[in-house]
Amino acid sequence: MEGDLVIQYQDPDFDNDLCNLSCMSDLPKDKATLKVHTKVYQSYNTDSTLDTASLSSSSLEEGPSGTQTRQLPQPFIIPAFSFDVELKLKQGNEAYHRDGTLLDVSKNMKSDILDKLAEAIYAHNPYPTREEYDHVAQALINKHPGSANGWYCWKFSLKFKMGNFRQKMRVAGCSEVRVNVRTPGPSPKRLKRAKKSEVNFLPDFPEGKAHSDFEMERSAMVMEMKKRKVDWKQIGEMMGNTFPLRRKEIVEDEPLVAQVKERWPALFREQRIEAEFARLTSVDLKSSFFTGLDQYLLRFLELYKAKSGIVGLTRLMRCLDDVTDDDDTFTQGMKVGVVMVKDGEDIIATSVVLEESVILPDLKDFPHAISLLMGLLFALNIDHPKELRKCRYFGDVQP
């Protein structure tokens, strides 16, 4: 038998719903019913439902109104269930409002409800947060209060159903969940999932396109970038066409910034950073950033004035005044940052630094540099540094 095997068992704690078996101790003591199937990784986007659920590359050219978001809508809209389930729920609601009688939800009925909810959640976010599970379960009970199970029980059933649904999508070949398949090892790896604002985190290759096709176009783009007079219109088209390959490399392989710059030199140009950010989030980078900056600027200045007497901040400002011209000196130990070089009271250079290297030199001002840094963090899938966990951008990006 070829391929990886997936073993599931009927869990009596969840009305005998099928759950993935990860440990033999999870099996019921008395009797266990197992289901075994094989993972298949042959094709991507095999049908229209997969295209919709996985946010495939066919949606890259759509505007903000035509894309989905990574945040579940508030309030969450409960989808329509099958006709018989809707009829039973309607009768249960009427009985509950009449005399408080609760509806006895059968196993098949519960499974149908969970399947529909899992599909609706996955269309927005394959990895919902704990709070989002709460919102969905509460929305279900608010719409159908006659259910015998409280929203807390529905929440746990929904979490297990989402795990099974993701496994189903892995078998179907969805890249965004396949990248997080478990591998044997001493410790689990970090979960690779989209940030809240990303709508095209890891798109599948378009139908009829192979890795070699993207690689040929990438090589042609590198050659074009070496020319004295670059055709930027052609570069923009190539960057859009090769987006699935670029995201696959960045998310799955997690290369160093220097390696990304070597393979994708066009990505580190200002216009290309803005275009990549738009592909990921369907949001204009500068417009979103400067709108947030304007919103919080007065409060930021108040905090700056209030903290200006702190010894640590004073020392930091003195260090900035004493910056040397040696790149290796002022970028040493700097994972993420913006460096300003001063001549007296004048700022003569502003640069973006990633992994101790100047990535974007000679930018026109500090806010402009911060906006491009934010775009690079999204484009290169770099997490906010833990050392700066108490620091935040002026405004969160909202799609």
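This is a predicted model: local features need pLDDT of at least 70, side-chain atom pairs count only at pLDDT 80 or more; totals for chains, interfaces and linings use all residues.
Helix α8, spanning residues 232-241, and helix α11, spanning residues 270-281, have axes that come within 11 Å and cross at roughly 30°. Because angles under 35 degrees count as roughly parallel, α8 is roughly parallel to α11. The crossing of α8 past α11 is right-handed. On the α8 side, the meeting residues are Trp232, Ile235, Gly236, Met239 and Gly240, and their partners in α11 are Arg272, Glu276 and Arg279.

We can turn next to the interior. In soluble globular proteins, nonpolar side chains tend to be buried together. The largest nonpolar core here holds 42 residues, and the members that touch the most others are Leu267, Phe268, Val352, Leu354, Leu360, Leu376 and Leu380. Helix α15 (residues 366-379) gives the most to this core, namely nine residues. For Val352, contacts beyond four places in sequence include Gly337, Val338, Leu360, Ala369, Leu373 and Leu376. Another core, of 30 residues, lies apart from the largest one, and Phe81, Tyr133, Met162 and Val177 are among its members.

Strand β5, residues 346-354, is where Thr350 is found. Thr350 has 3% relative accessibility and therefore counts as buried, since buried means under 20%. Setting aside neighbours within four places in sequence, Thr350 is in contact with residues including Val338, Val339, Met340, Leu360, Pro361, Asp362 and Phe366.

Definitions and conventions
Residues are numbered from 1 along each chain as its sequence is written. Side-chain values use heavy atoms; hydrogens and water are left out. Axes are lines fitted to C-alpha atoms, for helices over the stretch in contact, and angles run from 0 to 180 degrees between N-to-C directions. Helices (H or I, at least four residues) and strands (E, at least two) are DSSP runs, numbered from the N terminus. Angles under 35 degrees count as roughly parallel, over 145 as roughly antiparallel, 65 to 115 as roughly perpendicular and the rest as oblique. A crossing is left-handed if the near helix is turned anticlockwise from the far one by less than a right angle, and right-handed if clockwise. Contact means heavy atoms within 4.5 Å. A nonpolar core is a set of buried Ala, Val, Leu, Ile, Met, Phe, Trp, Tyr and Cys residues joined through side-chain atoms within 4.5 Å. Buried means under 20% relative accessible area, exposed over 50%, partly exposed in between (1.4 Å probe, protein chains only).
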